[in-house]
Structure formats: structure tokens, C-alpha cells
Amino acid sequence: MKIEDLLSDDCIVLHLELTSKSQVIDKMLSIVADHPGVKDHDKLRQDVLKREKEMSTGIGKQIALPHAKTDAVSSPVLALATLGTEINFESIDNEPVQLVFLLVTPEEMLAEHLKLLSRITRLAGREDVRIRLMAASSADEVLDLFREEEKDFPQI
């Protein structure tokens, strides 16, 4: 399992124009609403928001990574959005966010969940990757970027 395996065209949205953290999270949840791995959208929303209340998922470097381990999904679900306007996400570095990943995995996939969070953070944390993601004009461009960047990475 790699990022490129989890992301699909319909879970990538580029240049969203939103104005608040709650709008971003709502939009990310709506992007995955029809994903075959989502069993219970309402429970998924509750679990993602519960995790966000514990601590902001604004991880720094203009990246937000809302996530949850939840029985509302049957398989890992990943979505990505770029934002047309920077949004305050209460990030650990106090910088606004422009790149958002949503990752939700089944409760029993703790190790995979942590490895995926780490891989997303590692790749998106690189300035060259962030610049390319923000400049992407299509979902295919995003998928190609992850395919290229993960080619030498092991499966999770």
C-alpha cells in the first residue's frame, strides 16, 4: 500500500476556495462520502471532528492532515485538496494551510495508519513536493508525482 494506491482521481480536488477550517474539513469529508471504503459517513464525521478537537491537525509547513482511526471505514481512505487561499488551521507553527490530506483507517490498522501519516508528512513536508502539489493542474499530475516520489519506497 502506497499513497498513490490510496488516492484516486475523485478524491483529489485542486484550488478550493474556502474560508475556514470547518469548511475545509466538511469539504474533505464530502469528497470521500461516496468512497467504497466508507461505511458510515456520520460516524466518520464525528470521529474526524473528535480527533481535531483533541489537537489541531495543522502539522506545519502549510499542511493540514485531519485523520482518524475509525470503524466507520472498512479500508484506508485518503483525500487531498489544495486551497486557493491560505486558511488558519491552528497549525503547530502558526502558519496558514494550503495543502490538506484527509486520512481515515479502520481501528485495527494502527500500524498502517501511523506509517501512512509518517509517509504523507515526510513527502509533503519537502518544499519541492509541496510546490509541485500546489502547482498541479490535474489529479493525474498529483498521482504521477506520488508515483514518482514513492517508486523506491517499500509498501506499507
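**Salt bridges, fold and surface of the predicted model**

The structure holds twelve salt bridges, a salt bridge being a side-chain nitrogen of Lys or Arg within 4 Å of a carboxyl oxygen of Asp or Glu. The model is predicted, so local features need pLDDT of at least 70 and side-chain atom pairs count only at pLDDT 80 or more, while totals for chains, interfaces and linings use all residues. Residues are numbered from 1 along each chain as its sequence is written, and side-chain values use heavy atoms, with hydrogens and water left out.

The secondary structure comprises six helices and six strands. These elements are DSSP runs numbered from the N terminus, with helices (H or I) of at least four residues and strands (E) of at least two. Along the sequence their order is α-β-α-α-β-β-β-β-β-α-α-α. The radius of gyration, taken over C-alpha atoms, is compared with a globule rule of 2.2 Å times the number of residues to the power 0.38. For 156 residues a compact globule would have a value near 15 Å, and the 14 Å of the protein agrees with this. Along the principal axes, the C-alpha atoms fill a box of roughly 35 × 35 × 25 Å. Of the 156 residues, 51% are buried; buried means under 20% relative accessible area, exposed over 50%, and partly exposed in between (1.4 Å probe, protein chains only).

Among the salt bridges, K43 and D47 are joined at 2.8 Å, N to O. The two residues lie four residues apart in helix α3, which means a separation of about one helical turn. K43 is partly exposed, with a relative accessible area of 27%, whereas D47 is buried at 14%.

D144 is partly exposed at 42% relative accessibility, and R147 is partly exposed at 38%.

R132 is partly exposed, with a relative accessible area of 33%, and E149 is buried at 13%.

On the surface, D9, D10, D34, D140 and E141 gather in a patch of negative charge. Patches are made of residues with over 30% relative accessible area and no salt bridge, where like charges are joined within 9 Å and nonpolar side chains (Val, Leu, Ile, Met, Phe, Trp, Tyr) within 5 Å. Asp and Glu count as negative and Lys and Arg as positive, while His and the chain ends are not counted. D34 sits in the loop between α2 (21-31) and α3 (41-54) and is exposed, with a relative accessible area of 75%.

Positive phi values occur in H15, near 60 degrees, and in N94, about 60 degrees, although N94 is not a glycine. H15 belongs to strand β1 (residues 12-16) and is partly exposed at 41%. N94 is in the loop between β5 (77-87) and β6 (97-105) and is exposed at 70%.

Definitions and conventions: Accessible areas come from the Shrake-Rupley method with a 1.4 Å probe; for residues, only the protein chains shown count as cover. The place of a charge is taken as NZ of Lys, CZ of Arg, CG of Asp or CD of Glu.
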